[in-house]
Amino acid sequence: MIEIENVHKSFGALQVLKGIDLTVQRGEVVSVIGGSGSGKSTLLTCINGLEPIDKGRIVVDGTEVHARDTDLNKLRRKIGIVFQQFNAFPHLTVLENVTLAPRKVKGMGRKDAEEIAVQQLSHVGLADKLNVYPSRLSGGQQQRMAIARALAMSPDYILFDEVTSALDPQLVGEVLDTLKLLADEGMTMICVTHEMSFARDVSDRVAFFHKGVMAEIGAPDQIFGDPQQEETRQFLSSVR
Amino acid sequence: MFDTALTFNDLLFMLKGAGVTLSVTAFAVVGGTLLGVFFGVLRSQISPWAALPLTFVLDIFRSVPLLIQLILANAFQAIAGWGISPFVTSCIVLALYTSAYCTEIVRGAIEAVPSVTRRAARSLGMTWGQDLTQIVFPMALRVGLPSWIGLTLGVMKDSALVMWLGIIELLRASQILVTRLQEPMFILLVTGAIYFALSFPIARLGSRLEKRWQEND
Ligand SMILES: Nc1ncnc2c1ncn2[C@@H]1O[C@H](COP(=O)(O)OP(=O)(O)O)[C@@H](O)[C@H]1O
Ligand SMILES: [Mg+2]
């Protein structure tokens, strides 16, 4: 369970998160929508402790992320994250990209790590690219590789930050299909997304962020069919 | 083709000079690179303010002409009575000189690694050290290698300046022969060829590594 309580976060004078409260249960898929600059990415990087917070707390399975004695490297093993920008390790093959963390972080042997990596890469449809370098992959394949890389750590949660927005339109579908697959398998996910139909079809709940505040959260049918806030209505009409 | 008074022994004399050039260069490059990597990593990880003293000192090594550094260092060690040989003094000065340039190369190469790639590594649970050794160093190596090769070849040529401390390296050896035999063209040609023979393997190694890496990305 991820519990986010009254989280505040600023970059210098810029207040980016202004008191976020959100609890995500095991097995739940929560989509986060909202305008650019509303703090969605920042929230994700706070959840796995890549960014410090100013106030409030984030608790993952009972461990407070920003507590001084928290072992972040250990905590991050159970929280995968996939970013918007491509971030393959360019000097490693696809297979090595995926086996690196299991080997170095979990101390797995090469064989075991490769077995898991092949399994995860097949899962995202890259079984035929094992020994290719990332520069030879399309954007969609790079993002699917990043998903497999996160999955290879067997995380309990995965955070997706607009993983399709840097992609050519014809490549978006293949990545969204991968996310749907994971959601169907019961993975706990927080998906920041611009794909409204994805948010509607796949999520258990949809959260709408506006200027650092979670303006509204609810079931997809309610958010898309009967938004309660004026800002939500405006945002939805702007993206349709 | 033409007559030369250059004997086999003269050629050996030149090759001995080349050996001195090579060993001064090797000391300077190995020492300077080790120091440069250390300083470069340090500079990329600490704030520019904290790095200011280091940056200042390294800037001195980069901006004062090498000849002046060599002569001052040699004079200083003589006054201080340390009894360090000119050869060792030369190696130390050249190593510091090399490290100043190497620091900039390393820092630049490390900073060229996209922060999002490093974030990805950390988000997989890798420690700061693992990120550095598994991701940053291999990626930075590819960025920095061409400049490092250039630096190494440059230091080899600059090492001729150690002749001012009375060391007979390749260029000084050829000067002596030119003075004695009065055949500047031929002797300088041979000298140039020896410098080329020393540099060529390094340049080749660099371009081969680059090519291999380029095939990947
Ligand atoms: N590392 C940072 N330093 C300074 N400002 C940042 C940083 N990261 C994000 N911001 C700013 O915080 C605001 C929220 O950013 P972000 O969380 O990326 O929004 P979103 O993902 O909703 O588009 C933006 O105005 C952005 O410019
Ligand atoms: Mg964002």
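1. A polar contact is a pair of N or O atoms within 3.5 Å, where within protein one atom must be able to donate a hydrogen and the other to accept it, and residues adjacent in sequence count only if both atoms are side-chain atoms. In this predicted model, local features need pLDDT of at least 70 and side-chain atom pairs count only at pLDDT 80 or more, while totals for chains, interfaces and linings use all residues; side-chain values use heavy atoms, with hydrogens and water left out. Residues are numbered from 1 along each chain as its sequence is written, and chains are lettered from A and ligands numbered from 1 in the order in which they are written.

2. Ligand 1 has polar contacts with chain A: an oxygen atom of the ligand is 2.6 Å from an N or O atom in the side chain of A:Ser41, and a polar side-chain atom of A:Thr42 lies 2.5 Å from an oxygen atom of ligand 1. Taken alone, ligand 1 exposes 560 Å², of which the protein buries 59% (accessible areas by the Shrake-Rupley method with a 1.4 Å probe; for residues, only the protein chains shown count as cover).

3. The residues around ligand 1 include A:Phe11, A:Val16 and A:Lys40, where a residue is near if one of its heavy atoms lies within 4 Å. Helix H1 of chain A gives the most to this shell, with three residues (helices are DSSP runs of H or I with at least four residues, strands runs of E with at least two, numbered from the N terminus).

4. Over all chains the count comes to 17 salt bridges, a salt bridge being a side-chain nitrogen of Lys or Arg within 4 Å of a carboxyl oxygen of Asp or Glu. One of them joins the side chains of A:Lys9 and A:Glu51, at 3.4 Å from N to O, and this pair links distant parts of the chain, 42 residues apart. A:Lys9 is buried, at 4% relative accessibility, and A:Glu51 is buried at 15% (buried means under 20% relative accessible area, exposed over 50%, and partly exposed in between, with a 1.4 Å probe and protein chains only).

5. A:Glu28 forms a salt bridge with A:Arg205, with the closest N and O atoms 2.6 Å apart. A:Glu28 lies in the loop between S2 and strand S3 of chain A and A:Arg205 in strand S9, so the pair ties together parts that are 177 residues apart in sequence. A:Glu28 is buried at 12%, whereas A:Arg205 is partly exposed at 23%.
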